[in-house]
Amino acid sequence: MTSKPQSKLPLAPAPLALYLAVGGLAVLAAGLGVATLTGRVDHMVAVRYFGIFMGLLMLVSGNALPKLVQPQAAGARAARIAGWLLVLGGLAVVGLWILMPEASRILVTSATGLAIFALVLVVAVIMTAGM
């Protein structure tokens, strides 16, 4: 008889607000896609809004991440730091999508988002290495 492997991070149930926020962003993105396909929204406007939605998704997931890990868990500190990084990165991505000129917007915001995710990964690996 084999036993179920135990996770090092005890997880809490996901809050309802997380499901509502992610579901709302998915509905908005789907509606924007339909509006673009039917010609009601210009393609470049749709691209800008999709970029803003991705930044908001980073922000929402960064806000929810620390709430998913039990506070007494060994990785709770890493989850809080990763959450802060995702929230700040999401704010940066949203701000860049709104303020950057069209010519360099996609490159700069993509690099920003990827750098934030890489930093979150590095922090998670370093902080949970001793668990």
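Modeller: The overall layout comes first, then the pair, then two single residues.

This is a predicted model, in which local features need pLDDT of at least 70, side-chain atom pairs count only at pLDDT 80 or more, and totals for chains, interfaces and linings use all residues. Residues are numbered from 1 along each chain as its sequence is written, and side-chain values use heavy atoms, leaving out hydrogens and water.

The protein chain has four helices and zero strands. (Helices are DSSP runs of H or I, at least four residues; strands are runs of E, at least two; both are numbered from the N terminus.) From the N terminus, the order is α-α-α-α.

Now the pair. Helix H2 covers residues 43-68, and helix H3 covers residues 76-99. Their axes come within 7 Å and cross at roughly 165°. (Axes are lines fitted to C-alpha atoms, for helices over the stretch in contact; angles run from 0 to 180 degrees between N-to-C directions.) That angle makes H2 roughly antiparallel to H3. (Under 35 degrees is roughly parallel, over 145 roughly antiparallel, 65 to 115 roughly perpendicular, the rest oblique.) H2 passes H3 in a left-handed crossing: the near helix is turned anticlockwise from the far one by less than a right angle; clockwise would be right-handed.

Next, the residues. Ala124 lies in helix H4, residues 102-128. Its C-alpha atom is separated by 7.5 Å from that of Ala79, 45 residues apart along the chain. Ala124 has a relative accessible area of 28%, so it is partly exposed. (Buried means under 20%, exposed over 50%, partly exposed in between, with a 1.4 Å probe and protein chains only.) Leu20 is in helix H1, residues 16-37. At 59%, Leu20 counts as exposed. Across the 131 residues of the protein chain, 31% are buried.
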